[in-house]
Amino acid sequence: MILTAEQKDALAELINIGFGRAAASLSKLTGHRVHLEVPTVMMCPVGELSDALRPYIDGEIASVHQVFSGPVAGDALLVLDQRSGGMLKELLTSEPALPLSIDASAREVITEVGNILLNACLGMFGNLLKVQVSFTVPHVTLEGLESLVESVVVEREGLRYALVVHAGFKLKNSAVNGYLVIVLSVASIDRLIRAIDHWERG
């Protein structure tokens, strides 16, 4: 299943609208203006997700994981490398980003940021499809990329495709790069694509 260039552009535009709201929430959280980059979107089979992310994220990563359900269901993750995770902690708590494993206060910060970004994206899906999307409580994990992808695939059979959104943002002149990964079933992807096509036709 491949998105056309028009569908990718439409999806990026819709996510950007959601991100506008997320930027306002992040600004309130941090007390600083947050500049979110225009998101880029790609789709790949779940089996190719590690290969798709490896050029951008390597080593141990922090991820915020949220399961969502309703007419469109799947798994949503915010994936950050350790540098971005540590930088977020430093920017939001004024504590130094130590070159150690992400600690409790960093987990709290990453969970909050993940919650804001994931809800912005999934809320947009719900609005587009005119359906209610329910979320579980987000949780943070620290692991390698392969382990992360494997745990999503093994835990939730039937998830076939991953929508990968690059979520870059700047806070106090520091650039943080994260990736939103929305893993969906074929039926959910079909519903989403039909809704995007309908939205494009206006």
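A salt bridge is taken as a side-chain nitrogen of Lys or Arg within 4 Å of a carboxyl oxygen of Asp or Glu. Asp51, Arg54 and Glu146 are linked in a network of such bridges. The model is predicted, so local features need pLDDT of at least 70, side-chain atom pairs count only at pLDDT 80 or more, and totals for chains, interfaces and linings use all residues. Residues are numbered from 1 along each chain as its sequence is written, and side-chain values use heavy atoms, with hydrogens and water left out.

Two salt bridges are present in the structure. In one, the side chain of Arg54 meets that of Asp51, at 2.8 Å from N to O. Arg54 also forms a salt bridge with Glu146, where the closest N and O atoms are 2.4 Å apart. The Arg54–Glu146 pair links distant parts of the chain, 92 residues apart. Arg54 lies in the loop between α2 (49–53) and β3, and Glu146 lies in helix α5 (residues 145–155). Helices (H or I, at least four residues) and strands (E, at least two) are DSSP runs, numbered from the N terminus.

Exposure was classed by relative accessible area: buried under 20%, exposed over 50%, partly exposed in between (1.4 Å probe, protein chains only). Arg54 is partly exposed, because its relative accessible area is 35%. Asp51 is partly exposed at 48%. Glu146 is partly exposed at 41%.

Glu60 is placed in strand β3 (residues 60–69). Its relative accessibility is 35%, so Glu60 counts as partly exposed.

Glu6, Asp9, Glu13 and Glu200 form a negative surface patch. Patches are made of residues with over 30% relative accessible area and no salt bridge; like charges are joined within 9 Å, and nonpolar side chains (Val, Leu, Ile, Met, Phe, Trp, Tyr) within 5 Å. Asp and Glu count as negative and Lys and Arg as positive, while His and the chain ends are not counted. Each charge is placed at NZ of Lys, CZ of Arg, CG of Asp or CD of Glu. Accessible areas come from the Shrake-Rupley method with a 1.4 Å probe, and for residues only the protein chains shown count as cover. Helix α1 (residues 5–30) gives the most to the negative patch, with three residues. Asp9 is placed in helix α1. Asp9 counts as exposed, because its relative accessibility is 53%.
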